[in-house]
Amino acid sequence: MTSPRTDLAELELPELEAELEGRRIEPFHGRQLYRWIYKRGITDVDRMTDLARSLRQVVKTDFVLTTPHVLKDEHSVDGTRKFLLELADGHRVEAVFIPDTPSMTFCISTQVGCAMSCGFCLTGKMGLVRNLTAGEIAGQVRVLAAATGLLDQPFNIVLMGMGEPLHNYDNTMKALRMLHSEHGLAVSP
């Protein structure tokens with residue numbers, strides 16, 4: 001039985017470099033992959049043209065890259081955009097782009113549902129379905145940055161979508177480290 005392919009979306013840069021080294025691939029290629037995925041928003045390995053074809057083949061064979069899929073993108077008159085995103089397992093989360101001045105803000109989810117049951121929040125009424133992985137959290141930001149044209153622009157992130165981020169602390173912190181990488185979106189801590 002073969003092991004499942006490693007998901008690039010779940011790896012911090014040092015983890016990706018170690019995965020490549022384990023395949024006798026120079027670790028600097030990890031930085032190249034990170035830049036394609038995060039800075040350029042490219043998820044199709046064949047479009048990563050500064051990678052050798054042999055490396056692209058290894059990536060296609062040994063790895064996957066899961067990315068939330070946009071089901072809905074609703075626009076408000078003030079420029080706010082509400083995204084309904086579907087995860088690889090079919091669960092759905094919401095993320096919001098708020099174009100306030102002077103900063104642009106992404107409001108992202110850390111859980112499917114929520115266990116807190118706050119009276120003012122509809123998400124709490126659905127209960128906690130599951131925690132999001134680090135890759136699913138960071139994936140929301142990748143999707144929103146690409147959809148809003150902010151891949152190479154500064155923006156803020158608030159963890160006020162679905163779920164309670166401190167109840168998913170480890171995955172939330174890993175996602176923030178991934179988004180902070182200078183070879184990725186370089187989001188300020």
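This is a predicted model: local features need pLDDT of at least 70, side-chain atom pairs count only at pLDDT 80 or more; totals for chains, interfaces and linings use all residues.
Which backbone nitrogen does the side chain of Glu15 reach?

View 1. The side chain of Glu15 reaches the backbone nitrogen of Glu12, at 2.7 Å. Glu15 also touches Glu10 and Lys174, when residues up to four places away in sequence are not counted. With a relative accessible area of 32%, which lies between the limits of 20% for buried and 50% for exposed, Glu15 is partly exposed.

**View 2. Glu15 and Thr123.** These two residues are separated by 108 residues in sequence, and their C-alpha atoms lie 33 Å apart in space.

**View 3. Helix α4, residues 134–148.** The helix has 15 residues and reaches 21 Å from its first C-alpha to its last, close to the 21 Å expected at 1.5 Å a residue. Because 13 of its 15 residues are buried, α4 is largely enclosed by the rest of the structure. Gly149, which follows α4, has a positive phi, near 75°.

**View 4. The largest nonpolar core, with 46 residues.** The members that touch the most other members are Leu8, Tyr38, Phe106, Leu144, Phe155 and Leu185. At least two residues of this core come from each of α1, α2, α3, β4, β5, α4 and α5, and α4 gives the most, with 7 residues. In soluble globular proteins, nonpolar side chains tend to be buried together.

**View 5. Contacts of Leu185 within the structure.** Leaving aside residues up to four places away in sequence, Leu185 touches Tyr38, Val141, Leu151, Phe155 and Leu179; of these, Tyr38 and Phe155 are, like Leu185, among the core residues that touch the most other members.

Key. Residues are numbered from 1 along each chain as its sequence is written. Side-chain values use heavy atoms; hydrogens and water are left out. Helices (H or I, at least four residues) and strands (E, at least two) are DSSP runs, numbered from the N terminus. The expected span of a helix is 1.5 Å times one less than its number of residues. Buried means under 20% relative accessible area, exposed over 50%, partly exposed in between (1.4 Å probe, protein chains only). A nonpolar core is a set of buried Ala, Val, Leu, Ile, Met, Phe, Trp, Tyr and Cys residues joined through side-chain atoms within 4.5 Å. Contact means heavy atoms within 4.5 Å. A polar contact is a pair of N or O atoms within 3.5 Å; within protein, one must be able to donate a hydrogen and the other to accept it, and residues adjacent in sequence count only if both atoms are side-chain atoms.
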